[in-house]
Amino acid sequence: MSRQKCLITAAKALSVIFTPFYLPTVGLMALFMFSYLSLLPWLFKIQVLTLVYIFTVLMPILAIRLYRRLHGWTLVELGHRERRAVPYVISIGCYLLCVYVMETLHIPHFMGSIVVATLVIQTVCAIVNSWWKISTHTAAAGGMAGGLFAFGEIFGFNPVWWLCATFAVAGLVGTSRMVLRQHTLSQVVGGFIAGAVCAAATILLV
């Protein structure tokens with residue numbers, strides 16, 4: 001396999017592994033590790049993670065995949081700016097439903113704030129997408145960074161090493177999106193900044 005093909009294969013793998021839909025699940029896992037919520041029973045934490053995974057990962061991915069197959073589009077073709085509106089609507093709808101279910105079940109506020117922050121990121125990206133193709137992959141990475149900063153301020157822990165890891169992942173993911181010619185450098189950087197600001201502001205203010 002040529003070097004170029006290896007690079008493209010690696011970029012595709014990174015794009016799939018670090019899909020934006022995993023942000024709420026990963027954020028909750030971090031919250032369970034670094035806050036007083038770590039004292040909650042394991043069974044409850046697993047139940048919450050399962051609930052969030054179903055509504056923010058499984059449901060939107062399956063619905064968007066069905067939508068793509070109905071139109072006969074590849075992932076690259078679906079990535080065109082004008083075709084991203086319906087996937088945004090699908091994901092926002094699933095996230096809204098997740099927030100509603102979590103509120104109905106009286107799940108602790110800080111857990112729901114992670115999903116709300118991701119919902120805000122998705123909504124902002126959807127609005128921006130109407131005229132500019134912002135990167136949701138790096139927006140998710142930025143959301144993780146913003147969330148770490150916000151919870152570091154709230155719970156008084158130092159997230160510097162986790163932030164370094166997040167920046168490294170964001171760099172890899174952003175590079176993969178450019179290698180696949182899905183985004184420009186400005187779209188990648190813009191996505192990260194938008195995600196970080198939205199997540200930090202939402203968690204600190206909501």
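## Helices α2 and α7

In this predicted model, the axes of α2 and α7 cross at roughly 25° and come within 10 Å. Angles under 35 degrees count as roughly parallel, and α2 and α7 are therefore roughly parallel to each other. The crossing of α2 past α7 is right-handed.

On the α2 side, the contact is made by Leu-23, Val-26, Gly-27, Ala-30 and Leu-31. Their counterparts in α7 are Ala-140, Gly-143, Met-144, Phe-151 and Phe-155. By class, this contact of α2 with α7 has eight nonpolar and two polar residues, with no charged residues.

## The largest cavity

The structure holds two cavities of 30 Å³ or more. The volume of the largest cavity is about 160 Å³. Its lining is made up of 17 residues. Those nearest the centre of the largest cavity are Gly-27, Ile-114, Met-144, Gly-147 and Phe-151. Gly-27 in α2, and Met-144 and Phe-151 in α7, also take part in the contact between these two helices.

Four helices each supply at least two residues of the lining of the largest cavity: α2 (23-34), α6 (109-129), α7 (136-155) and α9 (185-205). By class, 13 residues of this lining are nonpolar and four are polar, while no charged residues are found in the lining.

## The second largest cavity

The largest share, four residues, comes from α6. By class, the lining of the second largest cavity divides into six nonpolar and three polar residues, with no charged residues.

## Helices α1 and α8

Helix α1 (residues 3-17) packs against helix α8 (residues 160-179) at an angle of about 125°, and their axes are 8 Å apart. That angle makes α1 oblique to α8. The crossing of α1 past α8 is left-handed.

In α1, the residues that meet α8 are Leu-7, Ala-11, Leu-14 and Ser-15. The α8 residues in this contact are Leu-172, Ser-176, Arg-177 and Val-179. By class, the contact of α1 with α8 has five nonpolar, two polar and one charged residues.

Key: Residues numbered from 1 in each chain as written. Predicted model: local features only at pLDDT ≥ 70, side-chain atom pairs only at ≥ 80, totals over all residues. Heavy atoms only, no water. Axes fitted to C-alpha atoms, helices over the stretch in contact; angles between N-to-C directions. Parallel < 35°, antiparallel > 145°, perpendicular 65-115°, else oblique. Left-handed = near helix turned anticlockwise from the far one by under 90°. Contact = heavy atoms within 4.5 Å. Nonpolar A, V, L, I, M, F, W, Y, C, P; charged D, E, K, R; others polar. 1 Å grid on protein atoms, 1.4 Å probe; cavity = no way out; pocket = protein on both sides within 12 Å on 5 of 7 lines; lining within 4 Å. Points joined across faces, edges and corners; volume = space filled by probe spheres on them.
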